Amino acid sequence: MASLIESYEHQYSGITSEITSQIGRIPNLSSVEAKQNAMSNVDRLLEEAKELLEQMGLEVRGLQSDIRPKYSNRFKSYEKELQRLEKDYRRSKTAFSDKVIRDELLNGEDYTHYENQRSKLLDNTESIERMGSSVDNTFQICVETEAIGGQILSDLHSQREQINRSRSRLKETDAMLGKSSRVLSGMMKRIVQNRLVLVLVVVVLLTVIIVGIYMGVKKAKKT
């Protein structure tokens, strides 16, 4: 997956280089038709760059958590670069539109119409920039939320493994306690048996002693 992202990066670098070259050529082109063709090429290249970034973003979000931050930072820099190119392109288009309108004015167009058109163009440019910024912020929030969710899942997985290990240790402890309980029970039985044997021996000895004393006394009386 990382190799696929690097392939996307290589393609993205080539596209942005071509966009930069085309934007730089627009002001120097002499004919309106040539400038319009260059602007059409830039529009197409910008769409390709956006689609490539979308694919790259999907791949970055699918990376493992240990290598994702590296590619995520690079992806953010590519987004900022594309935003900068779009602003440069809008400025180039605005300058081109101003030149066209000025040429029309020189040919007799009304100045008020020129001002209205220019004002509308600037307003549209500002609206597009605000919308682009809002979309970028929303996408950034989504990326950060997904990263946080991935970290939470990773933490939960680690905690689950710890719980499973704790359960295994508890089972082993229970087994050891059961074995110890059986050993203690056996020891208690042997102690009781030994005590019974000891009592029996003492009783036998006392009986022998008593019988011996009795027989001795009986003999003494006969003599």
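**Chat: helices, a ring pair and a charged patch**

Me: How many helices and strands are there in the protein chain?
Reply: The protein chain has four helices and zero strands. Bear in mind that this is a predicted model.

Me: OK, and what pattern does the chain follow along the sequence?
Reply: Going along the sequence, the protein chain reads α-α-α-α.

Me: What share of the residues is buried?
Reply: Buried residues account for 20% of the 223 residues in the protein chain.

Me: Switching to rings. How many aromatic pairs does the count come to?
Reply: One aromatic pair. The partners are tyrosine 12 and tyrosine 78, with ring centres 5.1 Å apart.

Me: Why is that pair called tilted?
Reply: The ring planes of tyrosine 12 and tyrosine 78 sit at 50°. Planes under 30 degrees apart would count as stacked and over 60 as edge-to-face, so the rest are tilted.

Me: And which parts does the pair tie together?
Reply: Tyrosine 12 is in helix α1 (residues 2–25) and tyrosine 78 is in helix α3 (residues 68–106), so the pair links parts that are 66 residues apart in sequence.

Me: Are those two tyrosines buried or exposed?
Reply: Tyrosine 12 and tyrosine 78 are both buried.

Me: New topic: charges. Which residues gather in the negative patch on the surface?
Reply: Asp43, Glu47, Glu51 and Glu54.

Me: Where is glutamate 47 found?
Reply: Glutamate 47 belongs to helix α2, which covers residues 32–61.

Me: Why does glutamate 47 count as partly exposed?
Reply: Because its relative accessibility is 43%, and partly exposed is the range between under 20% for buried and over 50% for exposed.

Terms used
Residues are numbered from 1 along each chain as its sequence is written. This is a predicted model: local features need pLDDT of at least 70, side-chain atom pairs count only at pLDDT 80 or more; totals for chains, interfaces and linings use all residues. Side-chain values use heavy atoms; hydrogens and water are left out. Patches are made of residues with over 30% relative accessible area and no salt bridge: like charges are joined within 9 Å, nonpolar side chains (Val, Leu, Ile, Met, Phe, Trp, Tyr) within 5 Å. Accessible areas come from the Shrake-Rupley method with a 1.4 Å probe; for residues, only the protein chains shown count as cover. A salt bridge is a side-chain nitrogen of Lys or Arg within 4 Å of a carboxyl oxygen of Asp or Glu. Lys and Arg count as positive and Asp and Glu as negative; His and the chain ends are not counted. The place of a charge is taken as NZ of Lys, CZ of Arg, CG of Asp or CD of Glu. Helices (H or I, at least four residues) and strands (E, at least two) are DSSP runs, numbered from the N terminus. Buried means under 20% relative accessible area, exposed over 50%, partly exposed in between (1.4 Å probe, protein chains only). Rings of Phe, Tyr and Trp (its six-membered ring) pair if their centres lie within 6.5 Å; planes under 30 degrees apart count as stacked, over 60 as edge-to-face and the rest as tilted.
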